[in-house]
Amino acid sequence: MEEENNPPIIIECPHCHVQVIPMANNICPSCREDINNKQNVNSRQVVLMVHESEELPPYCYSCSAPTDRYVRISADEESGLETLIFGEKSPESTSNVIVYLPECELCSDSEIELIEVDYENQTMKIMVDIRFEEKVLQFRAS
Ligand SMILES: [Zn+2]
Ligand SMILES: [Zn+2]
């Protein structure tokens, strides 16, 4: 017999990496992919949270090869909305999040996959190579 009154399970979709409650047939409501079908998923990619102006180790985020090339990525909050909520906008407040991400020459053609931006905490979630994540965690711990 099937349980009908289980609480909804929130999982991270392996395709779009959004926290979702799967629909019937395990379809992701965000990207409409089959959550159980992980065949097209690159398992070497993970989501890494990076703080604004955090120093990152000199390895490519995408292939983890040593590099001293950094690319600037920035995300801007819609300023209209902010003005509505907070009234006058102070010139000191930065509503955008800027991160310098190491990226080697070879990977410069591939697009950086930004998952989520948290303007309040000034963080970004970016898809990175799992080996790069390891290096970042080591770097942070040292
Ligand atoms: Zn999805
Ligand atoms: Zn690379």
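The model shown is predicted, with local features requiring pLDDT of at least 70, side-chain atom pairs counting only at pLDDT 80 or more, and totals for chains, interfaces and linings using all residues. Residues are numbered from 1 along each chain as its sequence is written, chains are lettered from A and ligands numbered from 1 in the order in which they are written, and side-chain values use heavy atoms, with hydrogens and water left out.

View 1. Ideal angles for four tetrahedral donors are 109.5 degrees.

View 2. C60 belongs to the loop between β3 and β4, and C104 to the loop between β5 and β6, so the pair ties together parts that are 44 residues apart in sequence. Strands (E, at least two residues) and helices (H or I, at least four) are DSSP runs, numbered from the N terminus. Both C60 and C104 are buried (under 20% relative accessible area, 1.4 Å probe, protein chains only).

**View 3. Surroundings of E103.** E103 is found in the loop between β5 and β6 (114–118). Its relative accessible area is 3%, and E103 is therefore buried. Leaving aside residues up to four places away in sequence, E103 touches C60, Y61, T67, R69, V71, S108, S110 and I112, where contact means heavy atoms within 4.5 Å.

**View 4. The largest nonpolar core.** A nonpolar core is a set of buried Ala, Val, Leu, Ile, Met, Phe, Trp, Tyr and Cys residues joined through side-chain atoms within 4.5 Å. The largest has 16 residues, and those with the most contacts inside it are L56, V99, L101, M124, I126, V128 and F132. Two or more residues each come from β3 (45–51), β4 (70–75), β5 (97–102), β7 (123–129) and α2 (130–141).

**View 5. Contacts of L101.** Residues up to four places away in sequence aside, L101 touches L56, Y61, R69, Y70, V71, I73, I112 and I126. A second, separate core of five residues includes C13, V20, C28 and I35.

How values were computed: Buried < 20%, exposed > 50% of the residue type's maximum accessible area, 1.4 Å probe, protein only.
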